[in-house]
Amino acid sequence: MKKFLSICIAAMLALSLAGCGASSVSETPAASSQPAAQSDAQSAEQQKTSEPLRIAGLKGPTTMGLVNLMAGENAGSYEFSMYGSADEIVPLLVKGELDAAAVPANLAAALYSKTSAAVQVACINTLGVLYVVEKGENIHSVSDLKGTTILSTGKGTTPEYVLRYVLAQNGIDPDNDVRIEYLSEATEVAARLTADESENGTVTAMLPQPFVTSVVAQSEGAVRVALDMNEEWQKTAGSRLVTGVLVARRDAIENNPERFADFLTAYKASVEAANKDTAGTAALCEEYGIVAKAALAEKALPACNIVFETGDEMKTDLQNYYQVLFDADPASVGGQIPDENFYYAN
């Protein structure tokens with residue numbers, strides 16, 4: 001988290017917002033300067049309107065919700081890029097090289113705090129997608145995790161704070177009673193899970209969908225789902241677990257609000273298609289390299305909790321979620337809970 005905060009601060013110090021001017025050459029400056037200025041302004045406005053919205057997603061459910069839009073007839077209005085970790089997205093978003101991104105929910109709050117409200121959250125795109133899986137038959141409750149090594153991803157983001165909170169609420173010290181080993185990507189965790197052996201025959205990991213479905217299927221029964229972290233979170237926090245959100249740079253929204261509103265409309269339709277047409281969406285997930293096989297994606301989609309929450313519903317779920325995280329560790333949401341200006345309202 002300290003490293004992430006340093007990146008944000010450094011990037012913001014380097015970011016300058018400078019106006020662009022253009023000069024024109026004319027035989028009679030007094031007569032022609034005003035039309036030239038108007039022409040330059042119109043040209044800049046046209047360019048701003050025609051530029052595609054630059055959107056980033058993470059490999060997994062957030063991009064699965066976008067995939068129908070990526071393949072749609074208006075895909076040319078957007079530039080999509082996909083990354084393996086949020087650490088790759090943050091500096092690009094802060095420097096203005098991206099307009100919007102699907103990121104872990106707690107990271108969105110930290111970005112808002114550390115960029116002086118330069119970003120807004122537009123929607124919740126995924127609820128809980130985390131599951132504890134094991135190669136063995138020993139984990140049947142959270143208390144059974146005591147004394148184990150847990151493989152995971154997402155250090156400094158949602159997975160870490162969810163895991164630490166659930167462990168602590170069940171009387172397990174996450175720093176002393178378990179060993180949490182963080183890897184950079186879920187694919188690495190899945191590989192370790194199927195390859196590693198421990199003294200008691202149990203290897204435990206916390207993975208998001210669709211990797212859970214993939215590793216369980218490929219292990220031919222050796223790996224099983226032990227705990228649903230959505231259920232464990234609700235037992236202890238009393239609210240829904242939020243995983244991912246879409247954030248956008250405030251200037252990207254304000255420069256062209258209609259373009260952004262159109263994107264959200266298309267995004268909502270893409271999410272609806274992902275939940276209704278799982279076979280078609282799964283095929284696109286394979287085509288775009290989000291999941292290796294369409295058959296696995298189709299099995300995973302119902303468990304991915306892909307949503308499109310906006311407005312008051314979004315605000316309520318996020319405020320409750322952020323309060324739990326803040327009470328556990330204020331640094332997890334950037335030191336303070338976001339105010340009302342954090343929430344996009346069309």
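## A tour of salt bridges, cores and helices

The structure holds 14 salt bridges, a salt bridge being a side-chain nitrogen of Lys or Arg within 4 Å of a carboxyl oxygen of Asp or Glu. This is a predicted model, in which local features need pLDDT of at least 70 and side-chain atom pairs count only at pLDDT 80 or more, while totals for chains, interfaces and linings use all residues. Residues are numbered from 1 along each chain as its sequence is written, and side-chain values use heavy atoms, with hydrogens and water left out.

Select Asp 175 and Arg 164. Their side chains meet in a salt bridge, 3.0 Å from N to O. Asp 175 sits in the loop between helix H6 (158-169) and strand E7 (179-182), and Arg 164 in helix H6, eleven residues apart. Helices (H or I, at least four residues) and strands (E, at least two) are DSSP runs, numbered from the N terminus. Asp 175 is exposed, at 54% relative accessible area, and Arg 164 is partly exposed, at 24%. Buried means under 20% relative accessible area, exposed over 50%, partly exposed in between (1.4 Å probe, protein chains only).

Next, select Glu 232 and Lys 235, a salt bridge whose closest N and O atoms are 3.3 Å apart. Both are in helix H9 (residues 229-237), and because they are three residues apart, about one helical turn separates them. Glu 232 is buried at 9%; Lys 235 is exposed at 60%.

Move to Glu 313 and Arg 240, whose side chains form a salt bridge at 3.5 Å, N to O. This pair links distant parts of the chain, 73 residues apart: Glu 313 is in helix H14 (residues 311-328), Arg 240 in the loop between H9 and strand E10 (242-249).

Now select Trp 233. Leaving aside neighbours within four places in sequence, its contacts (heavy atoms within 4.5 Å) include Val 162, Tyr 165, Arg 240 and Tyr 321. Trp 233 is among the residues with the most contacts inside the largest nonpolar core, which has 56 residues. A nonpolar core is a set of buried Ala, Val, Leu, Ile, Met, Phe, Trp, Tyr and Cys residues joined through side-chain atoms within 4.5 Å.

Finish with helix H5 (residues 105-114), where nine of the ten residues are buried. Ser 116, which follows H5, has a positive phi, near 55°.
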